[in-house]
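Let's read a structure together, one feature at a time. Bring your questions along.

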Amino acid sequence: MALLEARRISKQFGGLAALHDLDLDIEKGMIASLIGPNGAGKTTFFNMVSGIYKPTSGQVLLEGKEIGGLRPNRATAMGLGRTFQNIRLFSNMTALENVLVGMNCRLKSTWYGALLRSRSVMQEEAKARERAQELLAFVGLGGKGETLAKNLPYGLQRRLEIARALATHPKLMLLDEPTAGMNPQETVDAMALIKRVRDELGITILLIEHDMKVVMGISEYITVLDYGAKIAEGTPEQVRANPKVIEAYLGKGVAAGIRRAKQKVLAGTGSQEDGTI
Amino acid sequence: MAHMWHSLTGPWRALPARQRQILIWTFSIVLLLIFPLVDKMFKWGIVNDVTDVLVLVILALGLNIVVGYAGLLDLGYAAFFAIGAYTTGILTWPAHHLEWNFWIVIWGAVIVAALCGIVIGTPTLRLRGDYLAIVTLAFGEIVPVVIRNLGSVTIGVGPWRLLSDFNLTNGVQGLNPVGRPSIWGFKFSFDPTPWYYLILMIVALVIFANARLQDSRLGRAWMALREDETAADCMGVDPIRTKLLAFALGASFSGFAGAFYAAKLQAIFPELFKFNLSIMILCMVILGGMGNIKGVVIGGMLLQLFDRVILTQTTVFARSVGQALHISPLATIDLSLWRWFFFGLTMVVVMVLKPEGLFPSAARRAELHAAEEETPQPTERG
């Protein structure tokens, strides 16, 4: 049984089918990628798995249990962590507090516990803070716990988002463009961090990424989406060689247009009846 | 001048921060405890006013949980105050023949107010921002109207009458008298001093609860929701449950205030709990600094001091000037009629000059001065 199984899930936005009958399996312990041109439905898929959208039809199973249609916080409690394409930290809280919020659903103290501060509540709180410091150190934010999230440099904000997602104690982590906007060095560091999350913490990873160096560099399995449907999947080598993938990325029209233009130049007409190029 | 000030405060600043804090706290507590004696000594006669101000401070602290911590704009908070006061009134009004003990009733008021918070919150907290503000505004208007009309309750199905013309709230006239507390045979009456000490105890309790809630798992969840509800939801914070707790706990504090106020005033009627009151409490929270306990307490007191002392004193002064100079409009002026004008003006000035309030929490200060230290954001991609 795969860790995450999507069974024929579809999402309609009015008349637009953002995803259509998608089947996807993510095996436990894998680093998998979801790629495709803009608007292919990648983020829509993430939002359905994490509970922000409800699938129009189909099932999403995490360890065999249905999570499609659950509210996001329920999906998180079931073991699903995620980051966002545009960083969504709690910007006016400190780095440490951000991580502690991630632990929220793993802590048990109640409102009256907060008022009474019994010994067990204080112990839990101390343990949570300790764990949060460990997670910050793990992603390379050791000693930055008291900095407000918004005052961290961009690359560290991305890392903090990963630490916060790790704090939810996930089985599967969804990373939405984890290296977007990073310079080459930051990208390399981020790749190393993602590998460590899987290798040292044993968390399965599914990521969306546009940077092919990252995708080919760390993924063990790649799924390609185009127009809301799966057009290819397999190892990086298999996907790279797949003509459908090349077509989806470069476009049938563009390729054909280049051919036509060459023919016109050879014929010497020079007229431009279509603006393909 | 600046130099003199500097040398005067020198020894103070030389103290470690921790000791300074302890000194400030001890000083404030002693001051508050001996205040009625000082008042008697100098014949100020303002203990009663200060007690009323502290009732409003409790309300501001309760609203601070809803608005300051959880970021839910509640424009009808006075409704919960009304519910607390009326719970007390109904359970102690002699005509109802209940006349429960005040010390039990005050907890009853807290529970009823909290339950009402849950009842109003359950269907509405799915709404965000402006929509919630509108619903709470409506709730604040509905409650006094309902109270006015509960002077004659008839419940029945067909010919069956469970209740017929039952007078629950005594309509527009309101409930009078309301049961007073007594402790070890000592009855609270018209002397404001015992009331002052009672409200001081309640204020201490509410501040304590506020502080502990803020620095807890729940407090962090509230702040996370305020910052980004979707992200908080994805990190495992249940938005509905967490917001409901903010509403219920915020409302429960107004239950304390309501019970105390009803018992002290001895008469409650629907007119006391109008929209103006909700706005006044909100002003106290905003002026002092949302999300900061010290700010809310001091800001609330400043606003009330301005309203009750400065406005009346200025009126007296303006009148004497008017009489001396024979300017008849000035000689008959009553500045306290202008209070809402001055409140509005104060709010505008505060929002322009110091939008985070006079004593902001660290987070608010950071939030509202973001432009000065913007982190570079990358261009967005598909």
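**Reading the model**

Q: How many bridges join strand E1 of chain A to strand E4 of chain A?

A: Strands of a sheet pair through backbone hydrogen bonds, either parallel or antiparallel. In this predicted model, strand E1 (residues 4–13) and strand E4 (residues 57–62) of chain A run antiparallel and are joined by five bridges. One pair to look at is Arg7(A) with its bridge partner in E4(A), Gln59(A).

Q: Which strands stand at the edges of the sheet?

A: The open sheet has four strands in the order E2-E1-E4-E5 (chain A), with antiparallel pairing. Strand E2 (16–26) and strand E5 (65–66) of chain A have a single partner strand each, so one side of each lacks a neighbour in the sheet. Helix H1 (residues 42–49) of chain A packs on the sheet and touches E1, E2 and E4 of chain A; the direction of H1 makes about 65° with that of E2(A).

Q: Which residues of H6(B) are buried?

A: An α-helix has 3.6 residues a turn, so residues three or four places apart point the same way. Here the buried residues include Leu132(B), Thr136(B), Phe139(B), Val143(B) and Ile147(B). Among the elements covering the buried residues of H6(B) are helix H4 (78–92), helix H5 (102–124) and helix H11 (275–288) of chain B.

Q: Where in chain A does pLDDT stay under 50?

A: Where pLDDT is low, the predicted coordinates should not be read in detail. That applies to residues 270–277 of chain A, where pLDDT stays under 50. Chain A as a whole averages a pLDDT of 89, and 93% of the residues score at least 70.

Conventions:
Residues are numbered from 1 along each chain as its sequence is written. Chains are lettered from A and ligands numbered from 1 in the order in which they are written. This is a predicted model: local features need pLDDT of at least 70, side-chain atom pairs count only at pLDDT 80 or more; totals for chains, interfaces and linings use all residues. pLDDT is the predictor's confidence in each residue, from 0 to 100. Two residues are in contact if their C-beta atoms, placed from the backbone, lie within 7 Å. A residue is buried if 20 or more other C-beta atoms lie within 10 Å of its own, exposed if 12 or fewer, and partly exposed in between; C-beta atoms are placed from the backbone. Helices (H or I, at least four residues) and strands (E, at least two) are DSSP runs, numbered from the N terminus. Two strands pair if DSSP finds at least two bridges between them. Axes are lines fitted to C-alpha atoms, for helices over the stretch in contact, and angles run from 0 to 180 degrees between N-to-C directions.
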